[in-house]
Amino acid sequence: MPATSLLELDGLRHEYSDTGDPGDDRAPLLFLHEGLGSVGLWRGFPERVAAASGRRAVAYSRLGHGRSDRPRSPRTTAFMATEATTTVPALCAALGLDAPVLVGHSDGATIALLAAAAMPVTGAVVLAPHVLTEPFALTAIRAARTAFDDGDLRTRMARHHDDPDAAFRGWNDMWLAEEFTDWDVRDTLPGITAPVLAVQGDDDPYGSAVHVHAVAERASGPVTLTELSCGHEPHLELPEQTLSAVTAFLRTLP
């Protein structure tokens with residue numbers, strides 16, 4: 001587990017880790033975790049990327065996740081856009097992350113895309129991003145609800161989150177909300193002008209390649225597509241291949 005600190009933004013504390021060379025003059029990396037994730041649940045990936053690239057790397061836990069405070073109010077179905085346009089720029093300003101490279105997984109990848117369309121970034125790495133709701137993916141999200149309510153998922157999440165109920169409901173209730181069936185952020189993608197690396201597994205129960213192809217078709221900057229033989233977590237299932245793809249992409253950035 002990486003050593004973490006707490007950063008207060010708007011009166012609420014956010015858990016974060018900060019590794020790598022703070023004096024490196026290249027763009028730092030900001031890691032955005034998946035729907036049930038946290039700093040710790042990256043399982044060392046930010047530290048490995050920092051070591052391989054020589055760049056500073058910051059990861060943080062969204063409110064309600066990991067050791068971060070619980071949010072003041074319930075999430076809405078616009079939670080990813082809200083995070084991208086409020087918390088991400090505020091955190092970057094507080095930690096001196098100027099024009100960072102955003103590295104996101106799943107919901108965090110979507111937040112990275114939305115932030116890249118709204119603020120100055122040097123690049124974005126998106127692992128298994130979502131840009132619309134696919135009906136088949138909701139099957140896996142419903143199965144997660146059953147595992148949380150009737151199985152051992154809550155117990156397992158309690159090892160990593162101070163408030164496992166907030167972490168789980170803030171993700172699951174939003175994705176299964178009736179109004180979320182029409183959620184679609186593809187019209188936001190043309191606002192992305194920085195280079196993007198989009199990575200997708202070919203056996204992902206939460207999404208097909210339609211998402212990364214939409215990024216490639218609609219983003220205004222260059223997009224590199226990497227499709228791997230894995231499920232939803234390429235950085236954990238194929239760590240060396242994913243690390244190699246990310247570090248190769250980082251070498252191409254200005």
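1. Partly exposed means a relative accessible area between the buried limit, under 20%, and the exposed limit, over 50%. Arginine 67 has a relative accessible area of 31%, so this residue is partly exposed. The model is a predicted one.

2. Salt bridges come next. The structure holds 12 of them. Side chains of opposite charge can pair when their charged atoms come close. Three of these pairs are taken up below, starting with arginine 67.

3. Arginine 67 pairs with aspartate 162 in a salt bridge, with 2.7 Å between the closest N and O atoms. Arginine 67 sits in the loop between strand S4 (57-60) and helix H2 (79-95), and aspartate 162 in the loop between helix H5 (153-157) and helix H6 (164-175), so the bridge ties together parts 95 residues apart in sequence.

4. Arginine 70 counts as exposed because its relative accessible area is 51%, and the cut-off is over 50%.

5. Aspartate 187 and arginine 218 form a salt bridge, their closest N and O atoms lying 3.2 Å apart. This pair links distant parts of the chain, 31 residues apart: aspartate 187 belongs to the loop between H6 and strand S7 (196-201), arginine 218 to helix H7 (residues 210-218). Aspartate 187 is exposed, at 69% relative accessibility. Arginine 218 is partly exposed, at 34% relative accessible area.

6. Is serine 106 buried or exposed? Serine 106 is buried, because its relative accessible area is 5% and the limit for buried is under 20%. Serine 106 is placed in the loop between strand S5 (101-105) and helix H3 (107-116). Leaving aside residues up to four places away in sequence, serine 106 touches Glu34, Leu127, Ala128, Pro129, His130 and His232.

7. Now helix packing. The axes of helix H1 (residues 45-53) and helix H9 (residues 239-251) come within 10 Å and cross at roughly 50 degrees. H1 and H9 are therefore oblique to each other. The crossing of H1 past H9 is right-handed. H1 brings Phe45, Arg48, Val49, Ala52 and Ser53 to the contact, and H9 brings Pro239, Thr242, Leu243, Val246, Thr247 and Leu250. By class, the residues of the contact of H1 with H9 are 7 nonpolar, 3 polar and 1 charged.

8. How do H2 and H3 pack, at what angle and with their axes how far apart? The angle is about 60 degrees, and the axes of H2 and H3 are 8 Å apart. H2 and H3 are therefore oblique to each other. H2 passes H3 with a right-handed crossing. On the H2 side, the contact is made by Phe79, Met80, Ala81, Glu83, Ala84 and Val88; on the H3 side, by Asp107, Thr110, Ile111, Leu114 and Ala115. The contact of H2 with H3 has 8 nonpolar residues, 1 polar residue and 2 charged residues.

How values were computed
Residues numbered from 1 in each chain as written. Predicted model: local features only at pLDDT ≥ 70, side-chain atom pairs only at ≥ 80, totals over all residues. Heavy atoms only, no water. Salt bridge = Lys/Arg side-chain N within 4 Å of Asp/Glu carboxyl O. Helix = DSSP H or I, 4+ residues; strand = E, 2+ residues; numbered from the N terminus. Buried < 20%, exposed > 50% of the residue type's maximum accessible area, 1.4 Å probe, protein only. Contact = heavy atoms within 4.5 Å. Axes fitted to C-alpha atoms, helices over the stretch in contact; angles between N-to-C directions. Parallel < 35°, antiparallel > 145°, perpendicular 65-115°, else oblique. Left-handed = near helix turned anticlockwise from the far one by under 90°. Nonpolar A, V, L, I, M, F, W, Y, C, P; charged D, E, K, R; others polar.
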